Amino acid sequence: MSQTHTPSQTYLSTRGGDYSLSFETVVLKGLAADGGLFLPEEIPEVKDWRSWKDLSYSDLAFRILSLYISPHEIPRDDLKAIIDRSYSTFRADEIAPLRHLHDNLFLLELFHGPSYSFKDCALQFLGNLFEYFLVRKNKSKEGKDRHHLTVVGATSGDTGSAAIYGLRGKKDVSVFILHPKGRISPIQEAQMTTVMDQNVHNMAVEGTFDDCQDIVKALFGDPDTNDTLKLGAVNSINWSRILAQIVYYFYSYFSLARTSSSFKVGDSVRFVTPTGNFGNILAGYLATKMGLPVDKLLVATNENDILYRFWQSGRYEKHPTHGEEAQGGLKSDGAQAHRDGCKETLSPAMDILVSSNFERLMWFLAKDFASTTGLNDQFNKKQAGQEVLAWFKSLKSTGGFGPVHQDILEAGRLSFESERVSDPETLEAIKSCYERTEYVLDPHSAIGVAAAERSISRTNPGVPHISLSTAHPAKFSGAVKLALKDSSSFNFEEQVLPAEFVALAQGERRVTSVENSWEKVREIVKKQVDEDLKVEETG
Ligand SMILES: *Cc1c(COP(=O)(O)O)cnc(C)c1O
């Protein structure tokens with residue numbers, strides 16, 4: 001099919017190796033051939049965003065997504081149907097309800113999808129998108145001619161369950177989800193391994209989440225794997241996930257305007273986002289680029305604080321360096337420290353050493369910087385690609401890069417602030433929120449609330465804060481019970497635990513244990529895909 005695109009609906013790689021890609025290519029490939037991440041060549045600036053105020057979640061999603069996807073690629077009726085189907089699985093009519101916690105603090109509940117984390121907001125959509133593209137590719141094709149997608153993803157818990165619920169039972173897709181063995185919560189483990197659909201395969205890797213991510217990266221970088229399997233990514237690097245997440249930044253802003261008498265459309269808010277791979281908050285950044293009035297985006301981290309340190313120092317490093325050594329940009333500890341630098345915290349979905357999507361922000365900052373002296377847009381994009389390539393080469397070889405140019409850091413600080421919240425502070429936030437409002441936060445959302453409260457105490461008290469709640473508290477019962485163990489009125493089973501989870505815990509499991517070796521994983525994946533193909537042919 002020949003396709004024409006308007007300029008705003010094609011895509012490039014952050015490392016400069018690819019331009020003019022279609023949305024479909026970007027979604028199905030996940031990662032660019034040069035190792036970069038995909039971004040739209042243009043972020044649409046929306047003049048009439050105010051007119052979206054009273055739209056339903058699905059209608060708003062349709063408006064926003066239409067700006068990034070050419071109608072030649074997905075006709076509008078089809079896009080609407082994909083979106084409607086994606087949000088029909090949510091338990092809350094509003095999809096993402098906004099709750100008033102206290103004073104100027106609001107909580108955006110993003111956990112009403114099938115796996116009870118915010119990741120469903122994007123992965124339900126991605127699953128339907130994959131299916132749509134594959135059905136179209138495979139029209140009137142049979143057997144070996146059919147395009148079969150092999151999705152491989154790493155998870156520290158929530159991505160995996162959300163991906164599995166997004167892709168279970170989808171034709172022409174095999175799903176492999178790698179999780180660090182014994183390092184995810186029991187309910188996350190149950191959510192993933194009790195799914196019995198033939199196309200879903202769980203692998204428990206002897207290692208950390210970063211090891212799982214490295215294995216996935218190695219598979220994507222391996223020509224042999226790419227020749228035999230068509231790999232698809234569902235990790236937060238997939239552009240369609242970022243795209244779908246833009247919606248709730250707008251939606252919650254409008255919810256606030258509808259419910260709060262002192263807040264009008266046009267006023268500024270602060271968003272506070274519990275951050276790991278930087279996918280969620282990057283969507284907020286894109287919303288601001290589209291025109292949403294955001295005072296600041298607050299990056300809330302746990303003790304795995306690479307992002308917090310970046311906003312302090314302008315250096316992006318797996319491990320902090322100090323003084324002279326850091327000034328010179330020469331580091332000796334990169335390679336071997338990489339393996340075990342990640343701390344295990346009470347908020348495991350944020351336990352990362354490096355944040356994949358941060359590369360996307362750096363591309364925007366580098367491009368804006370280039371444009372202060374640059375010749376034209378094309379030149380600025382080239383410059384940005386080269387800068388990003390150099391930074392991320394350095395990250396790979398030395399464990400870090402920076403300090404970045406002061407102007408780049410300053411430009412970034414116009415949009416972002418950061419707070420780091422420790423485990424004891426997380427527990428304290430769950431406790432004090434419960435005592436004050438009887439609302440039970442999960443540990444990730446508690447990090448957001450703790451960060452928001454710090455921000456509220458030092459900023460103009462008039463600025464409302466929308467703190468994103470990224471998971472249902474029942475997914476992280478250990479931390480929640482620990483935080484509320486002295487609250488006599490609290491009863492986890494009665495106040496928090498959904499009936500659905502009780503049933504899951506007793507369900508049958510299917511999972512394969514595997515060594516921390518990407519070759520071993522490749523062997524298993526290849527064999528299993530062969531079997532899945534046979535089943536599809538006969539079944
Ligand atoms: C994935 C996840 C995060 C981190 O989101 P990023 O997009 O990776 O920054 C935070 N909280 C929960 C509960 C998550 O599942």
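**Entry 1: the ligand**

I began with the shell around the ligand, which I sorted by class into 6 nonpolar, 7 polar and 2 charged residues. I noted at the outset that I am reading a predicted model. Which residues come nearest to the ligand? Of the 15 residues around it, I wrote down Lys 119, Asp 158, Gly 276, Asn 277 and Thr 470 as those that come nearest.

A polar atom in the side chain of Asp 158 lies 2.5 Å from a ligand oxygen atom, and a polar backbone atom of Asn 280 is 2.9 Å from an oxygen atom of the ligand. For Thr 470, I found that an N or O atom of the side chain is 2.9 Å from a nitrogen atom of the ligand. On its own the ligand has 380 Å² of accessible area, and I recorded that the protein covers 97% of this.

**Entry 2: Lys 119**

UniProt, in an unreviewed entry, gives Lys 119 the annotation "modified residue: N6-(pyridoxal phosphate)lysine". Is Lys 119 buried or exposed? Its relative accessibility is 10%, so I count Lys 119 as buried.

**Entry 3: the annotated N-terminal domain**

The unreviewed UniProt entry also places the feature "domain: Threonine synthase N-terminal" at residues 10-87. Over residues 10-87 I read 37% helix and 8% strand, with the end C-alpha atoms 26 Å apart.

**Entry 4: salt bridges**

How many salt bridges does the structure hold? I noted 35 salt bridges, and I followed a few of them by hand. As background, I reminded myself that side chains of opposite charge can pair when their charged atoms come close.

I took the pair of Asp 84 and Lys 80, which form a salt bridge whose closest N and O atoms are 2.9 Å apart. Both residues lie in helix H3 (residues 76-87), where they are 4 residues apart, or about one turn of the helix. Asp 84 is partly exposed at a relative accessible area of 33%, and Lys 80 is partly exposed too, at 22%.

I turned next to Arg 183 and Glu 344, whose side chains meet in a salt bridge at 3.3 Å, N to O. This pair links distant parts of the chain, 161 residues apart: Arg 183 is in the loop between strand S6 (173-180) and helix H6 (186-193), while Glu 344 is in the loop between helix H13 (334-337) and helix H14 (358-371). I marked Arg 183 as partly exposed at 35% relative accessibility, whereas Glu 344 is exposed, with a relative accessible area of 60%.

**Entry 5: a network**

Arg 454 forms a salt bridge with Glu 419, and I noted 2.8 Å between the closest N and O atoms. Here again distant parts of the chain are linked, since Arg 454 is in helix H18 (residues 443-458) and Glu 419 is in strand S13 (residues 416-420), 35 residues apart. Arg 454 counts as partly exposed at 25% relative accessibility, but Glu 419, at 11%, counts as buried. Finally, I found that Arg 454 and Glu 419 belong to a network of salt bridges that also links Arg 270, Asp 295, Glu 417, Glu 425 and Arg 458.

How values were computed: Residues are numbered from 1 along each chain as its sequence is written. This is a predicted model: local features need pLDDT of at least 70, side-chain atom pairs count only at pLDDT 80 or more; totals for chains, interfaces and linings use all residues. Side-chain values use heavy atoms; hydrogens and water are left out. A residue is near a molecule or strand if one of its heavy atoms lies within 4 Å of it. A polar contact is a pair of N or O atoms within 3.5 Å; within protein, one must be able to donate a hydrogen and the other to accept it, and residues adjacent in sequence count only if both atoms are side-chain atoms. Accessible areas come from the Shrake-Rupley method with a 1.4 Å probe; for residues, only the protein chains shown count as cover. Ala, Val, Leu, Ile, Met, Phe, Trp, Tyr, Cys and Pro count as nonpolar, Asp, Glu, Lys and Arg as charged, and the others, Gly among them, as polar. A salt bridge is a side-chain nitrogen of Lys or Arg within 4 Å of a carboxyl oxygen of Asp or Glu. Helices (H or I, at least four residues) and strands (E, at least two) are DSSP runs, numbered from the N terminus. Buried means under 20% relative accessible area, exposed over 50%, partly exposed in between (1.4 Å probe, protein chains only). UniProt positions are given in the numbering used here, feature names are shortened, and annotations may be inferred rather than shown by experiment.
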